[in-house]
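Have the structure open while you read.

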Amino acid sequence: MQGKENKGLPVVNQHVHGAPQSLSSQVTSKLSNVGLIGSWYFSNIGVLLLNKYLLSNYGFKFPIFLTMCHMVACALFSYIAIAWLKVVPMQAIRSRMQFMKIAALSIIFCASVVSGNISLKFLPVSFNQAVGATTPFFTAVLAYIMTTKREYWVTYATLIPVVSGVIIASGGEPGFHFYGFIMCVGATAARALKSVLQGILLSSEGEKLNSMNLLLYMAPVAVVVLLPAALFVEHNVLGITLALARQDKLIIFYLLVNSSMAYFVNLTNFLVTKHTSALTLQVLGNAKGAVAVVVSILVFRNPVSISGMLGYALTVFGVILYSEVKASYK
């Protein structure tokens, strides 16, 4: 009997010691996810507010050059993260055709980011986010036109409040600027176009790239496109930037921080997508837009109207409804 009791003791001890370890790993995992989500929010909202500050408040009126700085940082940090730190395995480009497809996506990506930055020169961040929330509408329309994919009519019906909300918000926006609005709509449409085209162009298993590798290849192409565009459109941008740096050293700090944060938006978005469910990501994404609106109003003190806020709320409600209906009909 004594021998049997001794044999049982180690088993009891394993359970006693194993339970705290399991609980500890769960707590660590949850804290890690909270940290990732916090970093995702901070980098997204931070780069948005700093873009607005530089382009509108500080007086750095060069959105193409600013976007080029972002792409330089994305190219550099992507290489370090993938080639050196091995955050994800490096995926090679397999053919010239695949490279051409990536280059086409990069040009559309450039158009989206530049248009979004231009809109920030003229529009409050709150209204910029309201228009940006209509991305599902443009994605659904472009997917309908460019592919054979069709959704149920109920799914399309949920897009009515998405568009209606922006119309209401536009009518009640004290800081409405027509050119800024057109640029913001263009940025949103280009973002949707890139998403749809990416699904079409990189659909085969041999050509699919994860978002980090795609950024690694898109960013250098974007720099090659944006540098001559900045020099041609934004006259003497390098000379003016150097002159600003001599007057105020902080501009260099702002550009470095802003460009670095632009990369970390992509990195944290990838990591949050990897470590959370699709539903969690959807909810967090909608909440992130609302948080960005509140923070921007507190920071920049831009006037808001009741109809503007109601319009934005209706758009967000429509986006949530669209996502729920689309998921239920899969």
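## Ground rules

A residue is called buried under 20% relative accessible area, exposed over 50%, and partly exposed in between. Phe-264, at 37% relative accessibility, is therefore partly exposed. One thing to keep in mind throughout: this is a predicted model.

## The nonpolar core

Let's start inside. The largest nonpolar core has 54 residues. Those with the most contacts inside this core are Leu-54, Phe-60, Phe-65, Met-71, Met-212, Leu-226 and Tyr-263. The elements that give two or more residues to the core are helix H1 (2–58), H2, helix H3 (96–122), helix H8 (178–201), helix H9 (211–233), helix H10 (237–247) and helix H11 (250–275). Which of them gives the most to this core? That is H9, with 11 residues.

Leaving aside residues up to four places away in sequence, Leu-54 touches Gly-59, Phe-60, Leu-66, Ile-251, Tyr-254, Leu-255 and Asn-258. One of these contacts, Phe-60, is also on the list of core residues with the most contacts.

## Aromatic rings

The count comes to 17 aromatic pairs. A pair of aromatic rings is described by the distance of the centres and the angle of the planes. For Tyr-144 and Tyr-156, the ring centres are 6.0 Å apart and the planes sit at 90°, so this pair is edge-to-face. Tyr-144 is partly exposed at a relative accessible area of 42%, and Tyr-156 counts as partly exposed at 25%.

Tyr-263 and Phe-264 also pair edge-to-face, at 5.4 Å centre to centre and 70° between the planes. Elsewhere, Tyr-53, Tyr-58, Phe-253 and Tyr-254 form one aromatic cluster. Tyr-254 has already come up as a contact of Leu-54.

## Salt bridges

How many salt bridges does the count come to? The answer is 3. In one of them, Glu-207 pairs with Lys-101, and the closest N and O atoms are 2.9 Å apart.

Glu-151 forms a salt bridge with Lys-326, where the closest N and O atoms are 3.8 Å apart. Glu-151 lies in the loop between H5 and H6 and Lys-326 in helix H13, so this pair ties together parts that are 175 residues apart in sequence. Glu-151 counts as partly exposed at 22% relative accessibility, as does Lys-326 at 23%. The side chains of Glu-205 and Lys-208 also meet in a salt bridge, at 3.3 Å from N to O. Here Glu-205 counts as exposed at 66% relative accessibility, while Lys-208 counts as partly exposed at 42%.

## A nonpolar patch outside

Now for the surface. Tyr-79, Trp-84, Leu-85, Val-87 and Met-90 form a nonpolar patch there, with about 570 Å² of accessible area together. Trp-84 belongs to helix H2 (residues 63–84). Its relative accessible area is 60%, so Trp-84 is exposed.

## Two positive phi values

Most residues other than glycine have a negative phi. Lys-86 has a positive phi, near 55°. Lys-86 sits in the loop between H2 and H3 and counts as exposed at 58% relative accessibility.

Arg-301 is another non-glycine residue with a positive phi, near 55°. The place of Arg-301 is the loop between helix H12 (278–300) and helix H13 (306–328). With a relative accessible area of 68%, Arg-301 is exposed.

Technical notes:
Residues numbered from 1 in each chain as written. Predicted model: local features only at pLDDT ≥ 70, side-chain atom pairs only at ≥ 80, totals over all residues. Heavy atoms only, no water. Patch = residues over 30% accessible without salt bridge, like charges linked within 9 Å, V, L, I, M, F, W, Y side chains within 5 Å. Areas by Shrake-Rupley, 256 points an atom, 1.4 Å probe, with all protein chains shown as cover. Salt bridge = Lys/Arg side-chain N within 4 Å of Asp/Glu carboxyl O. Helix = DSSP H or I, 4+ residues; strand = E, 2+ residues; numbered from the N terminus. Buried < 20%, exposed > 50% of the residue type's maximum accessible area, 1.4 Å probe, protein only. Core = buried A, V, L, I, M, F, W, Y, C linked by side-chain atoms within 4.5 Å. Contact = heavy atoms within 4.5 Å. Phe/Tyr/Trp six-rings, centres within 6.5 Å; stacked < 30°, edge-to-face > 60°.
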